[in-house]
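User: Hey, I've never looked at this one before. Can you walk me through it?
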Amino acid sequence: MEDKFIHSFRYRNLWYSILSAILALLTVLFFLGIVHFISYTLLSNQEYRQALETATSDYKNQTSNSSNNSVSDAIYQNSLNLKYAPDVNTKNSQSNGELDPVVYLVALFIGFASFITYFMIFTKKMSSYLKEISKGIDELAIGNFDVRIPLRNDDEFTRIAQNLNRMAVEIKAIMEEERNTESKKNELITNVAHDLRTPLTSIIGYLDLVSKKDLPAEIKDKYIGIAYNKSIRLEKLIEDLFSYTKFEFGEVKFYKKEVDIVKMLYQLLDEFYPSFTEYGLEYSFDVTVPSAVVSADGDYLARAFANLIGNAIKYGADGKNINLRLEVKDTEVIVTITNYGEVIPKKDITHIFEKFYRVEYSRNEEHGGTGLGLAIARNIFEMHGGQVTARSGLDGTVFEVILPIGQ
Ligand code: ATP
Ligand code: MG
């Protein structure tokens, strides 16, 4: 509290006022001293001259009136007069020493003017700093958030400057974030428009063929079947987009409770059983613990793992095997899903978690993906305080998920 006061603007001003008052007083005293000295010198010269004149005339009288008196007596008398002259003078100056009231008025004015002058000199630095601060505020007002007000002293003004600088940094960050979100949205809209148009164009094309041409029933059925499949793909794309935007813009609500990941993965593997047989795949699940409980939204977490298993099946069909492994290390659950076959090239591996990113080999209709699955899965894992990474090589493509236990 005391320290705060010492570094305060009030404290500094108090000192400046005291110092200015002392200096103003000294100036007034100096002025009065000079006035006194001048009047004293003038008066004493005048008195001295008067005394001298009196002494001379006395001497003249004595020498003319009394012939009996010796010259030396007269000179003695004269010297006495001269000797007493200053006394007389002092008396006179004392009586005249009460200076004219005008002098006091002038002294008062000088005191007042010099106080203001000293105070202004002392506070000049402060007022120029205030100017700097207000210039900074003007810059901020016109949207220049790169401006930084220099920090001088250690008082309220410095704290104002500090806060303004912090405000500039924060506003700039918010604006950049908004700009980022805006460009993300624009990018998303462009991608969505593009991805929606492709299946839609072919649906319209096939339906057009079916409606206009007199086609054999067999061909008609085939075209209708294609249009139907494309519609399903379109539906999935719209659903994924919907989920993705909800995650991206933080509109998802998790209802967390205790979830046993071991149990969840066994269930998912059961659900995927038809797909495994369809793609002619075998799977194994190595688990070192009977259960691994995390605090999670079971539906969302299952969806994220389902995407990883679904990908392993889709893109690892040539590898014949899929391995799942779960282990608990310290306070983390680590799940790895490994498939073989197509290796993800190095240039792609860092991008596969980005929305709409698909590696060249999967950009065909056969897999029917949208490139949003991993982006959504990553969002889900991260929102549970976890992470997902991928590596790919000749010894397989491995997706590793780490989740904190009991959070
Ligand atoms: P969907 O949105 O339907 O999941 P998708 O599977 O194409 O579509 P992601 O799951 O995001 O999209 O995967 C992105 C891309 O990463 C895939 O298109 C594929 O090229 C590659 N990829 C993902 N998982 C694997 C995997 N296990 N093995 C090889 N490549 C993979
Ligand atoms: Mg996928």
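User: How many helices and strands are in the protein chain?
Analyst: The protein chain has 11 helices and 7 strands. Keep in mind that the model is predicted: local features need pLDDT of at least 70, side-chain atom pairs count only at pLDDT 80 or more, and totals for chains, interfaces and linings use all residues. Residues are numbered from 1 along each chain as its sequence is written, and side-chain values use heavy atoms, leaving out hydrogens and water.

User: Ok, and what share of the residues counts as buried?
Analyst: Of the 407 residues in the protein chain, 33% are buried. Buried means under 20% relative accessible area, exposed means over 50%, and partly exposed is in between (1.4 Å probe, protein chains only).

User: Let's zoom in on H7. Which of its residues are buried?
Analyst: H7 covers residues 261-271, and its buried residues are Ile-261, Val-262, Met-264, Leu-265, Leu-268 and Leu-269. They sit on the same side of H7 because they cover an arc of only 160° around the axis, taking directions from the helix axis to the C-beta atoms.

User: And what's exposed on the other side of H7?
Analyst: There you find Lys-263, Asp-270 and Glu-271.

User: Switching topic: at what angle do H4 and H5 pack?
Analyst: H4 (residues 101-141) and H5 (residues 156-212) pack at about 15°, and their axes are 11 Å apart. The axes are lines fitted to C-alpha atoms, for helices over the stretch in contact, and angles run from 0 to 180 degrees between N-to-C directions.

User: What about Ser-20, buried or exposed?
Analyst: Ser-20 counts as buried, because its relative accessibility is 0%. Ser-20 is part of helix H2 (residues 9-65). Not counting residues up to four places away in sequence, Ser-20 touches Phe-115, Tyr-118, Phe-119 and Phe-122.

User: Last one: where is Ala-296?
Analyst: Ala-296 is in strand S3 (residues 293-296). Ala-296 is 41 residues from Tyr-255 in sequence, yet their C-alpha atoms are 7.4 Å apart in space.

Conventions: Chains are lettered from A and ligands numbered from 1 in the order in which they are written. Helices (H or I, at least four residues) and strands (E, at least two) are DSSP runs, numbered from the N terminus. Contact means heavy atoms within 4.5 Å.
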